[in-house]
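Student: I would like to learn how to read a model like this one, starting with how its parts touch one another. Could you begin with the basic term and then turn to the case at hand?

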Amino acid sequence: MKTVESLGYLKGLLDGLDLDPNKKETKAFNAILDVLSNIVEDLDDMTEGLEMLGEQIDTVDEDLSELEDYVYEDCDCCDDDCCDEDEEYQEFEIECPLCKQEFVVDEDTVIDGSVECPNCGETLEFEVEEYEEDEEDEEDEQND
C-alpha cells in the first residue's frame, strides 16, 4: 500500500470511531493526521523532483558521452600532427619564481620560449636547446 493510501485508510479508521470532536484526544489525532498529510505531500513533491533530476542527469550523461567520443576518439578531420596519437607529447610542470604557483605547460609553449603565469601574470622565459632529433636531422641533411 502506498503512503497516500495508508494515510487515507488511517483517516477512515479514525472517522469510523465516531470520536467526539470537542475532546482533546480527537483534536490531537486530527493534528497528527494533518502533519502526516503534509509529509505525504512533501514526499510526493520530492519524488517528482528526483524523477525530473534523474532525467536531466541522464541527458547530461548522454551529452558528456558524445563529447568524450568526439574528444578522445580518432578524428578524420585532417592529416595534421594534431590528430596523431602515436606522437609523443610532453608536458612540463613549472613553478613561478614570483608567486610560487605551480602550473603545467605543453611542449610547444616551452619551445616558444615564454609564458605568463596564470596566477600573477609574470612572464617566464625559457632557454631551450635544440632537440637531439633536430640535430640528427640537420646532420643527415648536411651529409646528403
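Tutor: Two residues are said to be in contact when heavy atoms of theirs lie within 4.5 Å. Please keep in mind that this is a predicted model, and that the chain averages a pLDDT of 83, with 78% of the residues scoring at least 70.

Student: What does the secondary structure of the chain come to, and which pattern does it follow along the sequence?

Tutor: The chain has 4 helices and 4 strands, and along the sequence they follow the pattern α-α-β-β-α-β-β-α.

Student: How many residues does helix α2 have, and how far does it reach?

Tutor: Helix α2 covers residues 24–72, which is 49 residues, and the distance from its first C-alpha to its last is 70 Å, close to the 72 Å expected at 1.5 Å a residue.

Student: Which residues of α2 are buried, and against what do they pack?

Tutor: The general idea is that an α-helix has 3.6 residues a turn, so residues three or four places apart point the same way. In this structure the buried residues of α2 are Thr-26, Leu-33, Ser-37 and Val-40, and the element they pack against is α1 (3–16).

Student: How should I read the pairing of strands β1 and β2?

Tutor: For a pair of strands, one looks at the direction, the bridges and the link between them. Strand β1 (residues 91–95) and β2 run antiparallel and are joined by 5 bridges; Glu-91, for example, has Asp-106 in β2 as its bridge partner. The two strands form a hairpin with 6 residues between them, and in the turn Lys-100 has a positive phi of about 65°.

Student: Which residues of β2 lie on its covered face, and which on the uncovered one?

Tutor: In strand β2 (residues 102–106), Phe-103 and Val-105 form the covered face, whereas Glu-102, Val-104 and Asp-106 form the uncovered one. Phe-103 and Val-105 also belong to the largest nonpolar core, which has 9 residues in all, among them Ile-94, Cys-96, Val-110 and Phe-126.

Student: With which residues is Val-110 in contact, leaving aside its neighbours within four places in sequence?

Tutor: Val-110 is then in contact with Phe-92, Val-105, Phe-126 and Val-128. For the chain as a whole, 12% of the 144 residues count as buried.

Methods: Residues numbered from 1 in each chain as written. Predicted model: local features only at pLDDT ≥ 70, side-chain atom pairs only at ≥ 80, totals over all residues. Heavy atoms only, no water. Expected span 1.5 Å × (residues − 1). Buried < 20%, exposed > 50% of the residue type's maximum accessible area, 1.4 Å probe, protein only. Core = buried A, V, L, I, M, F, W, Y, C linked by side-chain atoms within 4.5 Å. Pairing = 2+ DSSP bridges. pLDDT = per-residue confidence, 0-100.
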